[in-house]
Amino acid sequence: MEYVEQLPVAGLAGVVRTVWIQRTGAIDHVHRHLPTGGVEIHFPLGGRPQLLGPLTGPAIEVIPAHTTLVGVRFHPGTAPPLPAVLDELIDQHLSLTDLWGHTADRLVEAMAQAATPERALLYLQAHLLNEFRSSERLDPLVHEAVLALMPWQSTSIDGLATHLSLSASQLRRRCLQAVGTTPKVLQRTLRFQGFLALAQAGATPSGRSGLDGTAGLAIDAGYADQAHLSRECLRLTGLTPTQLLGGDLDRCACGHDHSASYRPFLARRR
């Protein structure tokens, strides 16, 4: 299977984390989707596009052989215009046609005529640019909350709510609507994404606790210890860290290069 990931076009940088092209080989591919804090659009060329709602655990999908798929992964709180709040779409794989109606049908037809997957991905991004220009503004307080809940910093939910001049219940409600999960669940998801970013980059542990390898990166990402990381990894992915990473701290077990996806996490690491 071939998987190529890249940063989005400049106009989508504030709302889209990464885009990709995926091609399966001669046999069906079993794909494990992991929680990222955001939603995703999966668009098999010649097939029916789907929206993957915010995940709280792993989602297993079988992608048929000889499928070419383009995808878009959004930052938390920056989903494309949808007819529902995000907590109604949690852990769901939904038909984009059911959500967008004739707009999705026209998009399917247009992308089917693209000469290459690369052109189809550019067309999809151009469509999203137009959608965001005509949609209501994203919730600025949720955007600030997401930044505060990123790894590498110690942030309490109550302290964050106070900083945003919200009650804890107001912050929870706004996150459920715009992100799909509570602030605490989002924080745990982003912390794990931070660990994966360190692993993908082949980062050297800081050595603050005298640990190296996975244990050292677990501490750097904000876990109490390696056992804490292992429990969270099982909850979020269904696998142990060793199973997920294939025993190699510079790539996932499937060999994909996710450097574009994890770049925003590493940019915030001191």
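Visitor: Where does Arg188 lie?

Guide: Arg188 lies in helix α7. Keep in mind that this is a predicted model.

Visitor: Is Arg188 buried, exposed or partly exposed?

Guide: Arg188 has a relative accessible area of 27%, so it is partly exposed.

Visitor: Which residues is Arg188 in contact with, leaving aside its neighbours within four places in sequence?

Guide: Arg188 is in contact with Tyr223, Glu232, Arg235 and Leu236. Take Leu236 as an example. Arg188 and Leu236 are 48 residues apart in sequence, yet their C-alpha atoms are 9.4 Å apart in space.

Visitor: Which residues are linked with Arg188 in a network of salt bridges?

Guide: First the general idea. Side chains of opposite charge can pair when their charged atoms come close. Here the network links Arg188, Arg191, Glu232 and Arg235.

Visitor: How many salt bridges does a search of the whole structure find?

Guide: The search finds nine. Let us go through some individual pairs. The side chains of Arg73 and Glu40 meet in a salt bridge, 2.7 Å from N to O. This pair links distant parts of the chain. Arg73 is in strand β7, residues 68-74, and Glu40 is in strand β4, residues 40-44. They are 33 residues apart.

Visitor: Are Arg73 and Glu40 buried or exposed?

Guide: Both Arg73 and Glu40 are buried.

Visitor: What does the salt bridge of Asp105 and Arg48 tie together?

Guide: Start with the distance. The side chains of Asp105 and Arg48 meet at 2.9 Å, N to O. Asp105 lies in helix α2, residues 102-112, and Arg48 in the loop between β4 and β5 (50-52), so the pair ties together parts 57 residues apart in sequence. Now look at accessibility. Asp105 counts as partly exposed because its relative accessibility is 25%. Arg48 counts as partly exposed too, at 46%.

Visitor: Which residue forms a salt bridge with Asp139?

Guide: Arg174 does, and the closest N and O atoms are 3.0 Å apart. Asp139 lies in the loop between α3 (117-134) and α4, while Arg174 is in helix α6, so this pair ties together parts 35 residues apart in sequence. Asp139 is partly exposed, with a relative accessible area of 23%. Arg174 is partly exposed as well, at 24%.

Visitor: Now the nonpolar core. Which residues of the largest core touch the most other members?

Guide: The general idea comes first. In soluble globular proteins, nonpolar side chains tend to be buried together. In this structure the largest nonpolar core has 37 residues. Leu160, Leu171, Phe192, Phe195, Leu196, Tyr223 and Leu244 touch the most other members.

Visitor: Which helices each supply at least two residues of this core?

Guide: They are α4 (140-148), α5 (157-163), α6 (168-178), α7 (183-200), α8 (213-221), α9 (226-237), α10 (241-245) and α11 (259-267). The largest share, eight residues, comes from α7. There is also a second, separate core of 30 residues. Val15, Val39, Ala104 and Leu129 are included in that second core.

Visitor: How many aromatic pairs does the structure hold?

Guide: It holds four. One of them joins Tyr262 and Phe265. To read such a pair, check the angle between the ring planes: over 60 degrees counts as edge-to-face. Here the planes are 65 degrees apart and the centres 6.4 Å apart, an edge-to-face pair. Both residues lie in helix α11, three residues apart, about one turn of the helix. Tyr262 counts as buried at 10% relative accessibility. Phe265 is buried too, at 3%.

Visitor: Where is Gln22, and is Gln22 buried or exposed?

Guide: Gln22 sits in strand β2, residues 16-23. Gln22 counts as buried because its relative accessibility is 4%. Next, look for a polar partner. A polar contact of 3.4 Å joins the side chains of Gln22 and His31. Beyond four places in sequence, Gln22 touches residues including Met1, Tyr3, Ile63 and Leu69.

Visitor: Step back to the protein chain. How many helices and strands are there?

Guide: There are eleven helices and eight strands. Of the 270 residues, 50% count as buried. The C-alpha atoms fill a box of roughly 55 × 45 × 30 Å along the principal axes.

Notes. Residues are numbered from 1 along each chain as its sequence is written. This is a predicted model: local features need pLDDT of at least 70, side-chain atom pairs count only at pLDDT 80 or more; totals for chains, interfaces and linings use all residues. Side-chain values use heavy atoms; hydrogens and water are left out. A nonpolar core is a set of buried Ala, Val, Leu, Ile, Met, Phe, Trp, Tyr and Cys residues joined through side-chain atoms within 4.5 Å. Buried means under 20% relative accessible area, exposed over 50%, partly exposed in between (1.4 Å probe, protein chains only). Helices (H or I, at least four residues) and strands (E, at least two) are DSSP runs, numbered from the N terminus. A polar contact is a pair of N or O atoms within 3.5 Å; within protein, one must be able to donate a hydrogen and the other to accept it, and residues adjacent in sequence count only if both atoms are side-chain atoms. Contact means heavy atoms within 4.5 Å. Rings of Phe, Tyr and Trp (its six-membered ring) pair if their centres lie within 6.5 Å; planes under 30 degrees apart count as stacked, over 60 as edge-to-face and the rest as tilted. A salt bridge is a side-chain nitrogen of Lys or Arg within 4 Å of a carboxyl oxygen of Asp or Glu.
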